[in-house]
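Biologist: I would like to learn how to read a structure like this one. Could we take it feature by feature?

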Number of protein chains: 2
Amino acid sequence: MPFRIEFQPLGLRLEIAREINALDAVRQAGINIMAVCGGEGTCGKCVIQILESTDTHHPTAADQKHLSSQQLDEGFRLACMTTLSTDTKIYVPGSSILEDQIMQTDGESHQHGLCPAITQQTISVEKAHLKDLTSDFSRIINAVGDQSLHADIRVLRRIPAILRGNDWQINLIMRENQIMHVTRDKLDTPLGLAVDVGSTKIACYLVDLDSGKTLTAKGVPNPQIAYGEDIMARLSYAGESPDNAEKLHMLTMTAIRQSAENMCRRVGCDPHEIVDYCLVGNTVMHHFVLDLPTESLAISPFVPAVTDSLYPPADGLHLTGIPGAGVFMPPVKAGFIGSDHLSFLLASGFGNDKRVRLGIDIGTNTEIALQANDRIVSVSTASGPAFEGAHIRFGMRASPGAIEHVKIFNNGETKIDVIGDQHPIGICGSGILDAVAQLRERGLLNQRGRLSKNNPCIQLDAHGKPFFTLSDTAEAVTLSQKDIDQILLAKGAIRAGIDILMDYLRITPKDIDEVVIAGAFGSYMLPEHAMGIGMLPTIPLERVKIVGNAAGAGAQMMLVNIQARRAAEMLAEKMEYLELTVYPEFSIFYANGIRA
Amino acid sequence: MPFRIEFQPLGLRLEIAREINALDAVRQAGINIMAVCGGEGTCGKCVIQILESTDTHHPTAADQKHLSSQQLDEGFRLACMTTLSTDTKIYVPGSSILEDQIMQTDGESHQHGLCPAITQQTISVEKAHLKDLTSDFSRIINAVGDQSLHADIRVLRRIPAILRGNDWQINLIMRENQIMHVTRDKLDTPLGLAVDVGSTKIACYLVDLDSGKTLTAKGVPNPQIAYGEDIMARLSYAGESPDNAEKLHMLTMTAIRQSAENMCRRVGCDPHEIVDYCLVGNTVMHHFVLDLPTESLAISPFVPAVTDSLYPPADGLHLTGIPGAGVFMPPVKAGFIGSDHLSFLLASGFGNDKRVRLGIDIGTNTEIALQANDRIVSVSTASGPAFEGAHIRFGMRASPGAIEHVKIFNNGETKIDVIGDQHPIGICGSGILDAVAQLRERGLLNQRGRLSKNNPCIQLDAHGKPFFTLSDTAEAVTLSQKDIDQILLAKGAIRAGIDILMDYLRITPKDIDEVVIAGAFGSYMLPEHAMGIGMLPTIPLERVKIVGNAAGAGAQMMLVNIQARRAAEMLAEKMEYLELTVYPEFSIFYANGIRA
């Protein structure tokens, strides 16, 4: 009996006819897993985690040799020693994969001044003697000339030894009038880390706070994905027990810490010289990062525990850095409007001028903001994960082997671009959008979103259901009516959000000066195709700006500039949140939005 | 060959002729040690710690049964199983003693207003619903009506569950505009602990911050004494390794924590409802409490790491309380002028008016302050531990068995008062002062401090050295010429301090409106005898005020009233420290002071 295997975090799915070795299955899915020994169970590299299975997978001797008992308890196994014969959900850790998933970390680059929260000052003080019995700390206050200077006990404990071992010279690392750390010498490169914590991926930017330059960027999968692909599943997992919630918190924090350490190693810096952090994310990620209770985010009315900006100590969040390093967490607006949206708007110039601006960050939840009439109103719409490849037969994330773009000719023939120039194994969001838009354009899809069964370019499956073939290789990549339905639901949700915002602020498409589109899918999609299927209203193409990971860009702005932090706080104050589901005639807007 | 046994923390010494069982030795020293089984090694109660010994004391089977391996490593043994035959220093823990050492915890009671740093407020907020998506924390801010309210992440984590489980009602525990903790219900009795951390004893006062009433007080020995009777010995021990310093820190903090827990148990309160602390002490104790480096306090010019007031979190100092509870540490002035002296002056009205005031806190170091001509000048003088019984043949602290007062008649006969109305085993400071003053008065001691060998009341020992017998019981308590020399050195140091202050501020004894005397010895001594031996200048007796543990009283004032904290900070600013050793003609003042 055929069964399905799902691979996370890539979101790939395989249908398999008979029992299969898990290593073969992973490879068949196109995932470049490590297996130095060639599947003999001796190298211990092809580690996978079995997340769900109707089968029991007893650890083999090889599993027991290479994996800890805790890992075994958590379902980790060597792929080569595992046989799959029923529906199974597998997590392939990044450490088992030869090449990283493509992770978008670049955002529109912005001119932003340098005004970091953390500054350094190296001072010399008078040596103590019997005629001058001033305490060590008072000497420092007098040398700096600021009586309001203060320091916590951990800093005070370090001062005497440094002064006496360094010829009465000391380097102060300060946040406003607080000495947060002291060292013998000036830090060569005070480092900052800006992080956009997405549900799927975590984008990290390592910044030199002396120059404001981003030294390196890195995207890693959010390991929480093993406990639910969408955030609702994770909220439900976290709600089951405090241990579960703690686990999700720790998984993400460990991933950020390790990513920071790897990036520091790459550029030859010491992660203990990280002096400041700025983290943005949707409200659920924000709460998981802060280990705040998430129960209220899981049920209506989806109220956050806190919305104000916070600046907790990094060590309390298990992040590396100098003692006293803090993590700036910009405000969130509502349960479904997080600091990533705020950061995106900040980086895109919202709140800076009077232009009519539409900002869209497409994801499983799509946040949309409209700036007009001196107001900024934001909505969040449940567009679902279709554009990330989920619920689509051959859908996958933008990874090697994914069809990224497709051209459909009048005769139904196609030309595909595959990520990594390899054999196609699936299709990602931008490819799906291309396909649906062109099927509509070529008349292969009607206004109600049905594939035209009578057209010879459309094939029929064994059950008489229509589908279109995108890539006619050994394992064909196809698009079914069901896949198209998913896409239309997703784009309908986005369009309904846009239309309601325009209705609410009495704006028509021609009034819009600029459309800013962010997010991974948004970076690769063609705006003309998004208009073609009615995801966006029709607007002159030159007014559409693709900004990549703008949330990451905003996080970097706030990392290097405290004025940007204040601007973000003011933006959050000014922003209004509109709850779509209580908007009059929401369902009519939605029904109109779905139309192809 | 005879050998000596020293018992801490009482400071008692025994001279023993031959091998002795340690339980017998402890009892012979008059210490009421527990031994339920009568010395059979079965009850495990008579625990002692061998601090120094030229012998090795291998653990017996009984030791191993009743003590942990760590305790055995640290020299703990059952007294009844231990044989002593060489010079040995023994610590008798409070837990092994049936009755506590007399610990002075009462100070002059003062009228002081109630204005605690920590306040409570129980509020109700609007329940969240789809038309009001304000975050939990914003609801609280709005209900209190103070937009500057803030809370750290540990508090924010607790809020959602309390609000939802308590019908949207919550109790806020606040310090200024910071919410430091939240609970379902109002704390019945918000507790505060004021502590005077002395080198010898720790005086603790448990206060109800709602009423300002002190619920109970308790004195416990400072267990650091096992590592040095005087603070210089402890500084030297701490300087040997960071582990040693950490040990001294932990010993004191553990003693305070346990004392707090015991006191809470006694009055039926929960130590986790302690919301605030105020700790005072000499500068060395202040640094040990804060785990600050003490190296600079051990060598000239004796400069503290920090002198400003601090308010670190209680949990970081290993103290019990609500999460977020702080420990107010008033300023210290110099290496030998601590916050206990400041607290004593605050409680005694220094800085409040223009009266000419002399404040004296007699101890191993005696701190003296003179208020005159709108100035307050303090000195510290190394008076040594003679008044605490050290370096005196039969000297001991004010414990059961100590001669507290003595009357010497013209015929050389004596009448003694013994603490606990028991057989005398030694003599404490106030008794020694009585004796020396009356020996001088009766002409048995001349102006140069020599016992008159020709007087029949003075006896001579085997070496022809004179001594006076105070108590002619089975084991006589006597006072030798050497003992008297020690007392004269001690009182000379005190008198030199007073004279130099008067010289510095151009004051004569008749200008002095009030002499305030604090400290354990100061409480029991007769001022006329202190004047009789020249420790104090001659001043009308009605101007002398004995205030007991005034430092403890000041700590209680600061605990319950933040204005008292500000007053203490201003007093510390105003106070001047005068370094005696660099004062012109210091040695002449000292030589004059010693004269009997």
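This is a predicted model: local features need pLDDT of at least 70, side-chain atom pairs count only at pLDDT 80 or more; totals for chains, interfaces and linings use all residues.

Biologist: Why is α11(A) described as largely enclosed by the rest of the structure?

Modeller: Eleven of its 13 residues are buried, so α11(A) is largely enclosed by the rest of the structure. A residue counts as buried when its relative accessible area is under 20%.

Biologist: What span does α11(A) reach from its first C-alpha to its last?

Modeller: The helix covers residues 429-441 and reaches 18 Å, close to the 18 Å expected at 1.5 Å a residue. After α11(A) comes G443(A), which has a positive phi, near 80 degrees.

Biologist: Which strands does α11(A) lie across?

Modeller: It lies across β20 and β22 of chain A, and runs at about 20 degrees to β20(A). These strands belong to an open sheet of three, in the order β21-β20-β22 (chain A), with mixed pairing. Its edge strands are β21 (414-418) and β22 (426-427) of chain A, each of which pairs on one side only.

Biologist: In which sense do β20(A) and β21(A) pair?

Modeller: They pair in the antiparallel sense, over five bridges. In β21(A), K415(A) is the residue opposite K407(A).

Biologist: Now a strand. Are the faces of β26(A) covered or open?

Modeller: Both faces are covered. On one side E514(A), V516(A) and A518(A) are buried, and on the other V515(A) and I517(A) are buried.

Biologist: Which strand is joined to β26(A) by five bridges?

Modeller: That is β17 (residues 357-361) of chain A, which runs parallel to β26(A). Here D361(A) has A518(A) as its bridge partner. Strand β27 (residues 544-548) of chain A also pairs with β26(A) in the parallel sense, over four bridges. In β27(A), G548(A) is the bridge partner of A518(A).

Biologist: How should I read two packed helices?

Modeller: Two packed helices are described by the angle between their axes and the distance between the axes. Take α10 (residues 339-347) and α15 (residues 550-560) of chain A: their axes come within 7 Å and cross at roughly 80 degrees. Angles of 65 to 115 degrees count as roughly perpendicular, and α10(A) and α15(A) are therefore roughly perpendicular to each other. Residues making the contact include F344(A) and L346(A) of α10(A), and M557(A) and M558(A) of α15(A).

Biologist: What order do the strands of the open sheet in chain B have?

Modeller: The order is β23-β24-β25 (chain B), and the pairing is antiparallel. The edge strands, β23 (459-460) and β25 (477-480) of chain B, each pair on one side only. Two bridges connect β23(B) with β24 (residues 466-471) of chain B, and L460(B) stands opposite P466(B). Helix α12 (residues 481-504) of chain B lies across β24 and β25, at about 65 degrees to β25(B).

Biologist: Last, how are two copies of a chain related?

Modeller: Two copies of a chain are related by a rotation about an axis and a shift along it. The same surface serves both copies, as 100% of the contact residues of chain A recur in chain B.

Conventions
Residues are numbered from 1 along each chain as its sequence is written. Chains are lettered from A and ligands numbered from 1 in the order in which they are written. Side-chain values use heavy atoms; hydrogens and water are left out. Contact means heavy atoms within 4.5 Å. The expected span of a helix is 1.5 Å times one less than its number of residues. Buried means under 20% relative accessible area, exposed over 50%, partly exposed in between (1.4 Å probe, protein chains only). Two strands pair if DSSP finds at least two bridges between them. Axes are lines fitted to C-alpha atoms, for helices over the stretch in contact, and angles run from 0 to 180 degrees between N-to-C directions. Angles under 35 degrees count as roughly parallel, over 145 as roughly antiparallel, 65 to 115 as roughly perpendicular and the rest as oblique.
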